[in-house]
Amino acid sequence: MDGFVFDDSVATVFDDMIRRSVPGYAMTLSLMPFIAKRHAQEQTRIYDLGCSLGAGLVAIANGSPESTSLIGIDNSQSMLDRCNANLTQAIDKQAWELRCADILDTPIENASVVLLNFTLQFIPVERRLELLRSIASGLNPGGVLLLSEKVRFSDPKTQQELFDLHHDFKRYNGYSDLEISQKRSSLDNVLIAETIEDHKARLSDAGFDHCETWLQCFNFVSMLAIKA
Ligand code: GEK
């Protein structure tokens, strides 16, 4: 089977797919406005790197001042076409723009909130630090990165247990064992999960002063990294 790509066929079913395959996805989105209310600053930019259909931008817009501007970046035009339609309907207070670009080539400037929701996992491991450094340096003091990722665990028993629980979750949501194993093979070498400890060490290295997990559902976590 070919490797996974975010083409038109994926974009069409993406919202349903991510909700049925990422435990806690809806809760992650529903809690983000609380973080935005504390950290989104007047006259600053809010970036969503790997914005897909714009669910993160819509969520974060809710808790942010009207003077913020929202910038969604994705390198899949199929995703952005649908994102554009979604934001046109859902966001009427803030200015927003979408850019079809590689997040590794995206300058971050005057930012108070940056979202990386389930996107860092698709960036080659050796380039993750440079991306996080660029985010940390583009954030204003008091700004935050919200990082959500699929993670793995160094203890083999824990890894197997949480992997199995995730599998159960997907089966419960209507995916067959064959679909689950085909998706898994197509994501091999594309989605590289790391441990929570790896993420914390890299965030610190990149220039973030504080970092903690604020939500975990099986092997999916959302972390808050603060620039003091
Ligand atoms: C959500 N945040 O709904 N540059 C730009 N975009 C990229 C790159 C890259 N180098 N690599 C991957 N993408 C969303 C979910 S999905 C997660 C994010 C998933 C984009 C890719 O096109 C896709 O839209 C997104 O990152 C990852 O909260 O599919 O599991």
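This is a predicted model: local features need pLDDT of at least 70, side-chain atom pairs count only at pLDDT 80 or more; totals for chains, interfaces and linings use all residues.
Two notes on method. Local features here need pLDDT of at least 70, side-chain atom pairs count only at pLDDT 80 or more, and totals for chains, interfaces and linings use all residues. Residues are numbered from 1 along each chain as its sequence is written, and side-chain values use heavy atoms, with hydrogens and water left out.

Ala, Val, Leu, Ile, Met, Phe, Trp, Tyr, Cys and Pro count as nonpolar, Asp, Glu, Lys and Arg as charged, and the others, Gly among them, as polar.

Now the polar contacts, meaning pairs of N or O atoms within 3.5 Å. Asp74 places a polar side-chain atom 2.6 Å from a ligand oxygen. For Ser52, a polar side-chain atom sits 2.8 Å from an oxygen of the ligand. Asn75 uses a backbone N or O atom, 3.2 Å from a ligand nitrogen. How much of the ligand does the protein bury? Taken alone, the ligand exposes 660 Å², and the protein buries 94% of that. Those areas come from the Shrake-Rupley method with a 1.4 Å probe.

Next, the aromatic rings. Rings of Phe, Tyr and Trp (its six-membered ring) pair if their centres lie within 6.5 Å; planes under 30 degrees apart are stacked, over 60 edge-to-face, the rest tilted. The count is three aromatic pairs. Take Tyr25 and Phe118: their ring centres are 6.2 Å apart and their planes stand at 45°, so the pair is tilted. This pair links distant parts of the chain, 93 residues apart. Tyr25 belongs to helix α2 (residues 25-39). Phe118 is in the loop between β4 (111-117) and α5 (125-138). Helices (H or I, at least four residues) and strands (E, at least two) are DSSP runs, numbered from the N terminus.

Last, Phe118 again: among the residues lining the largest cavity are Phe118, Val22 and Leu215. By class, the lining has seven nonpolar, four polar and no charged residues. On a 1 Å grid over the protein atoms alone, a cavity is a set of points where a 1.4 Å probe fits but cannot get out, and lining residues have an atom within 4 Å of a point.

Conventions
A polar contact is a pair of N or O atoms within 3.5 Å; within protein, one must be able to donate a hydrogen and the other to accept it, and residues adjacent in sequence count only if both atoms are side-chain atoms. On a 1 Å grid over the protein atoms alone, a cavity is a set of points where a 1.4 Å probe fits but cannot get out, and a pocket is an open set with protein on both sides within 12 Å along at least five of seven lines; lining residues have an atom within 4 Å of a point.
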